[in-house]
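Me: I have a structure open and want to talk through a few packing details. Can we start with one of the helices?

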Amino acid sequence: MNQNEFMLLVNPFKDKLFRVAKRLLVSTEEAEDATQEILVKLWSRSENLDEYKSVEAMAMTMTKNYCLDQLKSKRASNMKIVHNNFTDREASLQQTVEDKDTWNWVEKIMNDLPEQQKLIVQMRDIEEMEFEEMSTILEMNEQAIRTALSRARKIIREKMIKTHHYGIG
C-alpha cells in the first residue's frame, strides 16, 4: 500500500479519531499527538490493513486504548473531559448563555461518570455511532452498551433536574 492509498483509507475517519481523543484527553495538543500516534501505528501495519473487516473500528479501538493509557499515566491528574463544540449560532444571547451553562453542567456531571460510561456517551450521543460499531470498538456486547448508556443518561438527567430545580418548590 502506498502513501496515497493509505491516505484515501484513513481520511474519512481521521477526524473521528481526533474527536474521541479530544473527548478523553481534553487538550487539543494531546489529542493531536494521540491521533498522529494512531496514524503512525496504522501506517506501520499498512501492508496488513486489508485483512481487517473495518479499519475504522480498529483505529477507534486503538485510539480509545491509547487515550485510556495516557489517562492512566502520570499526566492523568492534569487532564479532564471537555467538549467545546456546543454552540447555536442563531440563538439569542440569553439562550446562548443558558445553553453554555447547561453544557457546562453536563460536562461536570460527565466528569463524575466512570470512564467507560463517558466513552459510551461520547460515542453514541456525540459521535452518533451505531451500537454494532461501538460493540466492536469497546469489545462489549450491544446489550451491555445499551445498559451502560441508559444508566449514564439517567445519572445525567437526574443531576440536571436536581441542578435546575435547586431552590424551587
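Reply: Among the elements covering the buried residues of α2 are α3, α4 (55-72), α5 (93-112), α6 (115-126) and α7 (131-138). Covering here is by contact, meaning heavy atoms within 4.5 Å. This is a predicted model, where local features need pLDDT of at least 70, side-chain atom pairs count only at pLDDT 80 or more, and totals for chains, interfaces and linings use all residues. Residues are numbered from 1 along each chain as its sequence is written, and side-chain values use heavy atoms, with hydrogens and water left out.

Me: Which residues of α2 are buried?

Reply: K16, L17, V20, A21, K22, R23, L24 and L25. Buried means under 20% relative accessible area, exposed over 50%, partly exposed in between (1.4 Å probe, protein chains only). Helices are DSSP runs (H or I, at least four residues), numbered from the N terminus.

Me: What follows α2?

Reply: V26, with a positive phi near 70°.

Me: Switching to aromatics: how many pairs in the whole structure?

Reply: The search finds 1 aromatic pair. F6 and W43 are edge-to-face, at 5.1 Å centre to centre and 75° between the planes. Ring centres must lie within 6.5 Å to pair; planes under 30 degrees apart count as stacked, over 60 as edge-to-face and the rest as tilted.

Me: What does the pair tie together?

Reply: F6 is in helix α1 (residues 3-10) and W43 in helix α3 (residues 28-44), so the pair links parts 37 residues apart in sequence.

Me: Is F6 buried or exposed?

Reply: F6 counts as buried, at 6% relative accessibility. W43 is partly exposed at 38%.

How values were computed:
Rings of Phe, Tyr and Trp (its six-membered ring) pair if their centres lie within 6.5 Å; planes under 30 degrees apart count as stacked, over 60 as edge-to-face and the rest as tilted. Helices (H or I, at least four residues) and strands (E, at least two) are DSSP runs, numbered from the N terminus.
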